[in-house]
Amino acid sequence: MSVEQDTAHHAGLLAAVRGPQDVKRMSAEQLGILAAEIRDFLVAKVSRTGGHIGPNLGVVELTLALHRVFDSPRDRLLFDTGHQAYVHKILTGRQVGFDKLRQRGGLSGYPNQAESEHDLIENSHASTALSYADGLAKAYALRGESRAVVAVVGDGALTGGMCWEALNNIATAGNPLVIVVNDNGRSYSPTIGGLADHLSSLRLNPGYEKVLDTVKEALGSTPLVGKPMYEVLHAVKRGIKDAVAPQAMFEDLGIKYVGPVDGHDVAAVEGALRAAKNFGGPVIVHAVTRKGYGYRPAEEDEADCLHGPGGAFDVETGQLVAAPSVKWTHVFGEELVAIADERPDVVGITAAMAEPTGIAKLARKHPERVYDVGIAEQHAATSAAGLAMGGLHPVVAVYATFLNRAFDQVLLDVAMHRLPVTFVLDRAGITGPDGPSHYGIWDMSVFGVVPGLRIAAPRDAATLREELREAVAVDDGPTIVRFPTGAVAADLPALRRVGPVDVLAESPRTDVLLVAVGSFGQLGMEVATRVAEQGYGVTVVDPRWVRPVPAELVELAAAHRLVVTVEDGVRVGGVGDALAQALRDADVQVPLKDLGVPAAWHPHGTRAQILADLGLTAQDVARDVTGWISRLDVEPVEPVVATDDAAAPN
Ligand SMILES: Cc1ncc(C[n+]2csc(CCOP(=O)(O)OP(=O)(O)O)c2C)c(N)n1
């Protein structure tokens, strides 16, 4: 039966669910039908928009049980990372929104306060829910409010240090709080692929010794993450052992433990949640689930159980509909392998995202030279510092948005020690459908203040390869190479190079110096053409290395009447800001206009839509530039002489 037919067949139950109270009334049989309907709904909708299909298929029964046992929004349901909150959205009155999931003006792919009173935390970065839960439980205890606090956290998110910092506190505080561990044996990373199959046998035979052996075997046979993940899971399995024993659960931390329960058995999960709810202190409920459950293309996807297709996919096969293109990520991965083939000291680090960052290519070629540290960006940075101290050159590949977490580690542990570590930031700039918390717009500002750190922003495949090579050649401090998401831009050769700066276009008239950062190179060329039609000459340059500000850029600025910078990052402290400061320091009086992203929470949409909203299209920039330069032509007005009154402070 096709998904379409199936949806029509069962439309009755799901369509009648307006809120959690409707789910509370259902019989066991109805819940089974509803779960099937929800899966059909998820596949039908997400296959048109893209989104986190695999994780959500895995938490259907778990979410039904949560809404039956607890009273949201009075009770607080917190989904760690938030990518698995689609079912929660479906059950809290947001079914209609799924037609525009992750699209401009439509439903967010993560919990969102503006959408529903059932969403409290707006997340997307992993491993925070237990800390929120700790604080909420403390607040309710102090204020004498009786509300349950429930955090749902994946085994992947549990590899993040914040979770353990929170557990340490949760145990001591002793407040009532339920932690549901959604254990599907998978993170985003495919490096632990195969484990889901082993865990499925657990549901058939939940003997813990067998589970432990299975997990050990599965993890031990994978080149990445094997050992560390094993340690983490071992802690969980010790809990299982304790449950059977029975002994104090999570004895070291002093948190009670219930489980393991079959996360696809609503009644079993409900039973465990009710026990946890009534306990009166912190409890861990260990639910074993299967990522992608009930949808064959997801279950059979070895790479990542269809963790999060970026766009529409074929329902029958799970394959993306869009024609494949060469991505920035691909170019990076390929060049890194080429560099590593030449340089045995080059090693890679990924924070649970080997495939999405392209570092998996290196892992396949040189498995012993890639370290997957789990969802642990802070640790990744300082571990890289250690690797560098030990004589290696680590390349840390993360999404731009996630390096923000490791600011202090980059600043002090890496930069202050002048250690050669290259951070490669994928998904830099406006990324699109994942919304504000995933925008990689902060890096050039945040890391721009780090002494001795050099930042490169390539404009195309050729400059990405070149700048990556330049970065790993630096031996006296850290570097960042940052590039956007999606298909790599067509190669845009330079006319000439001045210091590190590429000159992309020139004109006999030197009216405007247009500094096009990174992927805005092509935009810069179009702007130059449009502005030339108005009779003004534009020199388009790509600084390539934006921090520190190249001295040559200051000299070029001094030779023009107006400088305009355009960058895919926040304006505060960005490339434009830094260049303006450099011009002031050099007593260069040329006016500078900086175009970029305002430091604000920009909604989700496509990258093109958001850039258009921000006026960062060739047409908009050309209009701005023409307006500014033409105003410079106007005779300067007489300076206004302030009267005494006007000058007086008020
Ligand atoms: C700080 C941070 N780093 C990386 C990511 C990217 N990421 C999104 S989901 C995910 C895996 C989460 O695994 P798990 O918690 O087990 O949930 P599952 O998807 O398996 O349900 C990762 C690494 C993130 N969201 N936050």
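Author: Start with arginine 418, which is found in the loop between α19 (407-415) and β9 (422-426). Helices (H or I, at least four residues) and strands (E, at least two) are DSSP runs, numbered from the N terminus. The model is predicted: local features need pLDDT of at least 70, side-chain atom pairs count only at pLDDT 80 or more, and totals for chains, interfaces and linings use all residues. Residues are numbered from 1 along each chain as its sequence is written, and side-chain values use heavy atoms, with hydrogens and water left out.

Arginine 418 is not a glycine, yet has a positive phi of about 55 degrees. Most residues other than glycine have a negative phi, and most peptide bonds are trans. Arginine 418 counts as exposed because its relative accessibility is 60%. Here exposed means over 50% relative accessible area, buried under 20%, and partly exposed in between (1.4 Å probe, protein chains only).

Now step to threonine 422, whose side chain makes a polar contact of 3.0 Å with that of threonine 479. A polar contact is a pair of N or O atoms within 3.5 Å; within protein, one must be able to donate a hydrogen and the other to accept it, and residues adjacent in sequence count only if both atoms are side-chain atoms. Threonine 479 belongs to strand β11 (residues 479-482). Threonine 479 counts as buried because its relative accessibility is 0%. Setting aside residues up to four places away in sequence, threonine 479 touches Val421, Thr422, Phe423, Arg454, Ala471, Val474 and Trp545 (contact means heavy atoms within 4.5 Å).

Other backbone exceptions follow. Serine 124, also not a glycine, has a positive phi of about 155 degrees. Serine 124 lies in the loop between α6 (86-91) and α7 (129-143). Serine 124 counts as buried because its relative accessibility is 4%. One joins serine 72 and proline 73, with omega about 10 degrees. Proline 73 lies in the loop between α5 (60-69) and β1 (76-79). Another joins arginine 547 and proline 548, with omega about -10 degrees. Proline 548 has its place in the loop between β16 and α23.

β16 and α23 also meet helix α24 (residues 575-585). The buried residues of α24 pack against α20 (443-446), β14 (512-516), β16 (545-547), α23 (551-558), β17 (562-570) and β18 (592-597). Buried in α24 are Val575, Gly576, Ala578, Leu579, Ala580, Ala582 and Leu583.

The ligand is surrounded by 22 residues, with His83, Ser124, Gly156, Lys291 and Glu377 the closest. A residue is near a molecule if one of its heavy atoms lies within 4 Å of it. By class, that shell has seven nonpolar, ten polar and five charged residues. Ala, Val, Leu, Ile, Met, Phe, Trp, Tyr, Cys and Pro count as nonpolar, Asp, Glu, Lys and Arg as charged, and the others, Gly among them, as polar. Polar atoms reach the ligand from several residues. A side-chain polar atom of asparagine 184 lies 2.9 Å from a ligand oxygen. For arginine 186, a backbone N or O atom lies 2.9 Å from an oxygen of the ligand. An N or O atom in the side chain of lysine 291 is 2.8 Å from a ligand oxygen. On its own the ligand has 590 Å² of accessible area, and the protein covers 98% of it. Accessible areas come from the Shrake-Rupley method with a 1.4 Å probe; for residues, only the protein chains shown count as cover.

His83 also touches histidine 52. Histidine 52 is found in the loop between α3 and α4 (53-57). Histidine 52 is buried because its relative accessible area is 10%.

Finally, the cores. The largest nonpolar core has 51 residues, of which Leu34, Ile38, Leu42, Leu64, Leu66, Phe70 and Leu273 touch the most other members. Such a core is a set of buried Ala, Val, Leu, Ile, Met, Phe, Trp, Tyr and Cys residues joined through side-chain atoms within 4.5 Å. Helix α3 (residues 28-49) gives the most to this core, with eight residues. Apart from this core lies another, of 34 residues, among them Val398, Leu419, Phe423 and Ile455.
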